[in-house]
Amino acid sequence: LKVAAAPISPVPLARRFAAVSLRGMMVPVACQYLCLQVEFDLGAAEDAPSLPARDHDRAAKKACAQTGIAEERSVAARGREVPSADIQSVQKLPFDSWSTYPAAGDEEDAAAIKLDFCYSGMLGTSPKLCVRVLTDLVRYDGVTATRLALHTLEILEGAKGTETADGAIAEDLGEASRPAFAPNPPFPKSSFRICNTLLVVWSIILDIALAPYRCLWNILTKCAVPRTTPEGWFWHYLGHRYEPCAIQLYSPECNKFKDFLAKADQLRVELGLWRGFLYFLNYSPYISSGLVGSAADLQCVDTKLKNAFREPGPPVVGGHLHVINLIVQRAMIFNNYGRHVHSFKAVPTAFSWDWLNFPGALTAAFCISINGRFLCGLRGLPAHVDLGARILLGGGIGDDVDIEAGRTYGEARRMAQVAHHPQQNWGGDPKFLHIEAAAGEQ
């Protein structure tokens, strides 16, 4: 199994790098919108068939009022029945006008968090729910939006109908629980942060300076350019005909966080991502980010605080994300959404993380724990995700896999990153603007 390399044609090297220098910003950057999805089995939920008809927007605003984690005017929610509410099908659903955001300058009074509750099979034996969580990252982080979605589900599931004096049935919404969600420690002041950032910048400059020579060497010796290098990214995006990346989801039988992190680290090493892990620190409604060299450092809060690039704030967006692109050309993103405990009886079965328009060439691992159910996934180029799946099965490049060990991660479910949101500025193969959306309209 050969991964992390792209076959190339014998086009003169100077011509290709001239094209790169003229179009140095051809590598896409993420937009300011995040698309998260959480899938549930509603078989154990109370009065599941009545859930789609309940007032989802009122429930979301009640969750804001009771928890204080977001402003009521910043949240909108709806419930609807769709042909199939499994997470792969919901990923393909079109983004209608409700799902989009206002034009620049009109955002202040618009909802920043949009909770789209999609139901199917409500009268059958396997009712499902998939909550599509859309977030404007300039105003709220993904963890805050996810917590709000889970609290809203609590309120919806706990709703009861009561008879009024005139004989009508009034809906009394349930209550949000007060789970203890562990915050990160206070963010420290540190002069080391500047030195750490300068070292990262220096390593990026040196890596780019060596790119032409490394590219020529790989052409002459391997007839391929590794995708986990700056020159590999440029080659991949040259021509703007790239496809959406692969996202593979898992629902293990038990909490396998440490095992998943260890195998994500093995994938990172196999792909040659020597810069380590890019991580995010949650300080709702803002975040900070940083870089560590190993899985052990990723589990140490003090190390992550020391290595953070800046104080918590809205994530950088627009052209500034080209700097993040340069970092993750040699690093893996590991995004841990934490542990969440809530009072609903719906059983979580899948979770996906998709920062809209983030380059598909980056490699990422993500996870969350909801009511003790550990959900995780991988994101990246198909060949890289294939290698990750092989590692989760107990093997590596050219190794035999341990099928019995891999079964503990459950069935692997693959889908493509979103390419059809109207505001993500998809710059790859234009056919994915239409094929993905059409698939959801069947």
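Okay, ground rules. What we have is a predicted model, where local features need pLDDT of at least 70 and side-chain atom pairs count only at pLDDT 80 or more, while totals for chains, interfaces and linings use all residues. Residues are numbered from 1 along each chain as its sequence is written, and side-chain values use heavy atoms, with hydrogens and water left out.

So, the overall picture. The chain has 13 helices and 16 strands; those are DSSP runs, helices being H or I of at least four residues and strands E of at least two, numbered from the N terminus. Of the 442 residues, 54% are buried. Buried here is under 20% relative accessible area, exposed is over 50%, and partly exposed is in between, with a 1.4 Å probe and protein chains only. Now contacts, meaning heavy atoms within 4.5 Å. If you take those between residues at least 6 apart in sequence, 74% join residues at least 24 apart.

On to the aromatics. How many aromatic pairs does a search of the whole structure find? The search gives 16. The criterion is that rings of Phe, Tyr and Trp (its six-membered ring) have centres within 6.5 Å; planes under 30 degrees apart are stacked, over 60 edge-to-face, and the rest tilted. Take Phe260 and Phe334: the centres are 6.0 Å apart and the planes sit at 45 degrees, so we call that pair tilted. Phe260 is in helix H7 (residues 257-270) and Phe334 is in strand S12 (residues 331-340), so this pair ties together parts that are 74 residues apart in sequence. Phe260 is buried at 1% relative accessibility, and Phe334 is buried too, at 4%.

Compare that with Trp355 and Phe358, which make an edge-to-face pair, 5.0 Å centre to centre with 85 degrees between the planes. Trp355 is buried at 6% relative accessibility, and Phe358 is buried at 2%.

One aromatic cluster is made up of Phe257, Phe260, Phe277, Phe334 and Phe374.

There are also charges over rings, which we call when NZ of Lys or CZ of Arg is within 6 Å of the ring centre and within 35 degrees of the ring normal. Arg132 sits over the face of Phe95, 3.9 Å from the ring centre. Lys114 does that with Tyr101, at 4.7 Å from the ring centre.

Next, helix packing. H7 packs on helix H11 (residues 382-392) at an angle of about 135 degrees, axes 9 Å apart. The axes are lines fitted to C-alpha atoms, for helices over the stretch in contact, and angles run from 0 to 180 degrees between N-to-C directions. H7 and H11 are therefore oblique to each other; under 35 degrees would be roughly parallel, over 145 roughly antiparallel, 65 to 115 roughly perpendicular, and the rest is oblique. Which residues of H7 meet H11? Phe260, Lys263, Gln266, Leu267 and Glu270, and on the H11 side they meet His384, Leu387, Gly388, Ile391 and Leu392. An α-helix has 3.6 residues a turn, so residues three or four places apart point the same way.

Then there's helix H10 (residues 321-328), which is mostly covered, with six of its eight residues buried. Those are Leu321, His322, Ile324, Asn325, Ile327 and Val328. The cover includes helix H5 (192-222), helix H6 (230-237), strands S10 (276-283), S11 (286-292) and S13 (347-355), and S12.

Ser284 and Pro285 are joined by a cis peptide bond, omega about 5 degrees, and Pro285 is in the loop between S10 and S11.

Two asparagines have positive phi. Asn357 comes in at about 75 degrees, in the loop between S13 and strand S14 (363-370). Asn425 has phi near 60 degrees, in the loop between strand S16 (413-416) and helix H13 (432-439). Buried or exposed, what are Asn357 and Asn425? Asn357 is buried at 5% relative accessible area, whereas Asn425 is exposed at 62%.

His421 is also in that loop between S16 and H13, and His421 is buried, at 2%. Leaving out residues up to four places away in sequence, His421 touches Phe95, Ser99, Thr100 and Leu356. And Phe95, remember, is the ring with Arg132 over its face.
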